[in-house]
Amino acid sequence: MTTAVAAEYSAPAKIILFGEHAVVHGQPAIAAPVSSLRAFASVTPASAGSGLAIDVADLDTRLTISSGGAVPDHPLARAACLLLDTICRPPPDLRVTLRSQIPIASGLGSGAALTTALMRALVGAGGMSIPDAVLNELVYEVEREFHGTPSGIDNTVVVYERTIWFVRGEPPALLTVGKPFDLVVADTGVHASTKDAVAGVHALLAADPAGTRPVIEAIGALAHRARSTIARGDIRSLGPLMNENHRLLQRLTASSDELDRLAAAALSAGAWGAKLSGGGRGGNMIALCPPGAEAELAAALLAAGARRTIMTKVEAHE
Ligand code: MEV
């Protein structure tokens, strides 16, 4: 495996528009990429026999993988080995530097994006290509190490970089988006573990199945309504569906005071709808923005305590 010149590969962040948590329990969900926020893997050749060095710039960590050497105890090292095994290659003499614009532990899929960028870099550096469906399965394997029992929605939206309709265990469907729409993503600044939030819902379901199962099913029903609303481009009508999804997520213990405060601030500032996005209990909230109101909404969210805001557009698609 040789690489003559430096090359860069990347993968986007993601947001869940409808259906997080319920998707773990078999309900459908809708997710979109955030293409302006990315993880990057840049590849440079290294001296013969030096093996594969993965520098995780943000963590100040170097992972070294060589033929016959022990694999460092890190999900990204195991991701590299899994990919190399799949393409039947020994560790190449390369340096891969990973950098990310995506805040970690904030519900935006930073782990899936880093893994995807790394795997794409190793495939590309070998002058090979890999179908998205195969890459998606490999990234899912690694996600299981980060998250325990993930549904697979995060890796799927990150790998395909398209707005998707997702049901666990089924191939993803690309979503019809009748009209583009704008969202403001606001970070509470509170790091939260998706694994713990997912475990919290499992615990709730075990303790009170009769009270919890209808909440999960109601979230699935909202995702169905949102799918047809998005397809016909009736964007304003998505707002109340988002608000209802947020209320149901509160009942699943997935919200937090900070998320509730930002959602309320978004609605007071004119957003058409607002909800937490991703694992919750911290991390990010998304607000549906009337045309032209992005800057005003972002300012109101910062004033209400958001650490940062990002504007993103869900693009129209047939
Ligand atoms: C996390 O982005 C979405 C969850 O539904 C977990 C999962 O689907 O694996 C909370």
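The shell around the ligand takes at least three residues from each of two domains, domain 1 (7-166) and domain 2 (176-314). Keep in mind that this is a predicted model. Here's a quick tour of the site, starting with who sits around the ligand.

**The shell**
- Count the residues surrounding the ligand and you get 14, with Lys14, His21, Pro150, Ser151 and Asp154 the closest.
- By residue class, the shell splits into 6 nonpolar, 5 polar and 3 charged.

- His21 comes in through its backbone instead, with an N or O atom 2.8 Å from a ligand oxygen.
- Asp154 puts a polar side-chain atom 2.8 Å from an oxygen atom of the ligand.

**Burial and location**
- On its own, the ligand would expose 300 Å², and the protein buries 98% of that.
- As for where the ligand sits, that's the largest pocket.
- Strand 1 (7-18), helix 4 (153-160) and helix 5 (194-207) are the elements that each give two or more residues to the shell.

**To sum up**

Terms used: Residues are numbered from 1 along each chain as its sequence is written. This is a predicted model: local features need pLDDT of at least 70, side-chain atom pairs count only at pLDDT 80 or more; totals for chains, interfaces and linings use all residues. Side-chain values use heavy atoms; hydrogens and water are left out. A residue is near a molecule or strand if one of its heavy atoms lies within 4 Å of it. A polar contact is a pair of N or O atoms within 3.5 Å; within protein, one must be able to donate a hydrogen and the other to accept it, and residues adjacent in sequence count only if both atoms are side-chain atoms. Accessible areas come from the Shrake-Rupley method with a 1.4 Å probe; for residues, only the protein chains shown count as cover. On a 1 Å grid over the protein atoms alone, a cavity is a set of points where a 1.4 Å probe fits but cannot get out, and a pocket is an open set with protein on both sides within 12 Å along at least five of seven lines; lining residues have an atom within 4 Å of a point. A molecule sits in a cavity or pocket if more than half of its atoms lie within 2 Å of its grid points. Helices (H or I, at least four residues) and strands (E, at least two) are DSSP runs, numbered from the N terminus. Ala, Val, Leu, Ile, Met, Phe, Trp, Tyr, Cys and Pro count as nonpolar, Asp, Glu, Lys and Arg as charged, and the others, Gly among them, as polar. Domain bounds come from an automatic or database domain assignment.
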